[in-house]
Amino acid sequence: MRTQIAIIGAGPAGLLLSHLLHLEGIESVVLEARSRTDIESTIRAGVLEQGTMDILTQAGVGERMRSEGALHHGIELAFDGARHRIDLSELTGKAITVYPQHEVIKDLVAARLAAKGSVLFEVADVELHDTQTLRPRVSYRHGGEAYTLEADFIIGCDGYHGVARPAMPAQELRKNFQRIYPFGWFGILVESAPSSEELIYAQHDRGYALVSTRTPTVQRLYFQCDPSDHVDNWSDDRIWAELHARLENHDGWKLKEGHIFQKNIIGMRSFVSTPMQAGRLFLAGDAAHIVPPTGAKGLNLAVSDVQLLARGLEQFYRQGSEERLNGYSDAALKRIWRAEYFSWTMTRLLHTFADATPFEREMQRAELANIVNSRAMATALAENYVGAF
Ligand code: FAS
Ligand code: PHB
């Protein structure tokens, strides 16, 4: 088989890239290890920045997001028993949409298949070859048969555990940056009405908690936990007791309980691998970088990476110029490092670190108090949160 662009991975990065290329008349084939059902039901991110909302709308795949997503104009910071609203729209003129990542995946898969796009599910043994030549190839197995796909470019959108980053040449010369956090997030999905109109990020001596949502009848809640913990150690009663303790307040607000129908624990790391390109092999999204979800940046960074890549590939095929492609990694990293900084800052600010000194804990409280009492500091947080950069 031959195509112009071989894309490894049908997550937000791979599917959106394939769709954006299609809109420019550029052909691609997406190779995905998991089933369509699996990728459309994996619960992950929940917050779309204004920029992501605009890209999906302009690409013609934002209709359900606009009708079913929840537009939020603010978030709340909770600490020392009080909740403080950060008015995102008043401070930045932008908003966010809470629309689950797996719904974005459904919208993108539907668009690709409606356009007769080539998305192969349940492929196995993907291997990259000759990526530093003008005729890179991908070998893989599908339906029990072995195939080779020739392409002009290979784009690794296969996430942190994919095969593309390890296939980058000169591994010993790569610069990787990483911080692994001493905690994880325990996430639950609950059948209940929302407890709050906006997201609540809570800092508490017992640990961080986050009140988010999925739909008017399904809520998404998280609390900081030991990354080596196991969901079986947490009964529903224990989960509710912990969440109520961390969300304690003096204004009478109370978290709504309900039937917990999903529990999972995710680890926390900050990670960047550079450069994001070598020869005809490019990386986008989690394949190149990871952020702790405290800043709600992961999905949004994947979208901004592939928007840059699509523009570079369009220039290559339309004008025969590789100028934008040659500058992809540097251009993407500018936004990536700013998002890494914000995600690290929000994580450092809101989580409880077992080795923190009493002074460091007071500094956390003082920084939070500063943010909610200083328009300048609240604006800085709001600009980073909505992605005003
Ligand atoms: P993805 O990981 O989404 O997609 C990669 C795709 O490649 C997957 O479908 C995978 O099956 C496929 N793949 C992997 N190896 C392959 C191979 N060898 N061959 C073919 N296909 C292969 N971000 C937030 O902003 N908020 C959150 O709350 C949040 N929660 C998360 C929870 C979890 C458990 C995880 C893992 C991530 C979470 N993230 C969150 C981050 C997440 O949203 C990512 O940033 C986003 O999925 C990045 O999209 P992609 O780069 O497309 O990578
Ligand atoms: C979510 O709804 O999954 C979510 C929202 C905001 C975050 C992280 C996760 O910062």
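## Reading the features of this structure

Colleague: What relative accessible area does D130 have?

Modeller: D130 is partly exposed, with a relative accessible area of 37%. On this scale, buried means under 20% relative accessible area, exposed means over 50%, and partly exposed is in between (1.4 Å probe, protein chains only). Before going on: this is a predicted model, where local features need pLDDT of at least 70 and side-chain atom pairs count only at pLDDT 80 or more, while totals for chains, interfaces and linings use all residues. Residues are numbered from 1 along each chain as its sequence is written, chains are lettered from A and ligands numbered from 1 in the order in which they are written, and side-chain values use heavy atoms, leaving out hydrogens and water.

Colleague: Where does D130 lie, and what is its phi?

Modeller: Helices (H or I, at least four residues) and strands (E, at least two) are DSSP runs, numbered from the N terminus. D130 lies in the loop between β9 and β10, and its phi is near 50°, a positive value in a residue other than glycine. K116 also has a positive phi, near 60°. You'll find K116 in the loop between α6 (101-114) and β8 (118-120), and it counts as exposed because its relative accessibility is 74%.

Colleague: In what order do the three strands of the open sheet with β9 stand?

Modeller: Two strands pair if DSSP finds at least two bridges between them. Here the order is β9-β10-β11, with antiparallel pairing. β9 (124-129) and β11 (145-150) are the edge strands, each pairing on one side only. Four bridges join β9 to β10 (residues 137-142), and L128 stands opposite V138 in β10.

Colleague: Which residues of helix α7 are buried?

Modeller: In α7 (residues 236-246), they are I239, W240, E242, L243, H244 and R246. An α-helix has 3.6 residues a turn, so residues three or four places apart point the same way. The buried residues of α7 pack against strands including β14 (184-191) and β18 (259-266).

Colleague: Is H19 buried or exposed?

Modeller: H19, in helix α1 (residues 12-23), counts as buried because its relative accessibility is 6%. Contact means heavy atoms within 4.5 Å. Leaving aside neighbours within four places in sequence, H19 is in contact with A59, V61, A111 and R112.

Colleague: How many residues surround ligand 2?

Modeller: A residue is near a molecule if one of its heavy atoms lies within 4 Å of it. The count for ligand 2 is 14, and the closest are Y201, S212, R214, Y222 and P293. The largest share of this shell, three residues, comes from β16. For polar contacts, look for N or O atoms within 3.5 Å of each other. An oxygen atom of ligand 2 is 2.8 Å from a polar backbone atom of P293, and the protein covers 98% of the 270 Å² of accessible area that ligand 2 has on its own.

Methods
A polar contact is a pair of N or O atoms within 3.5 Å; within protein, one must be able to donate a hydrogen and the other to accept it, and residues adjacent in sequence count only if both atoms are side-chain atoms. Accessible areas come from the Shrake-Rupley method with a 1.4 Å probe; for residues, only the protein chains shown count as cover.
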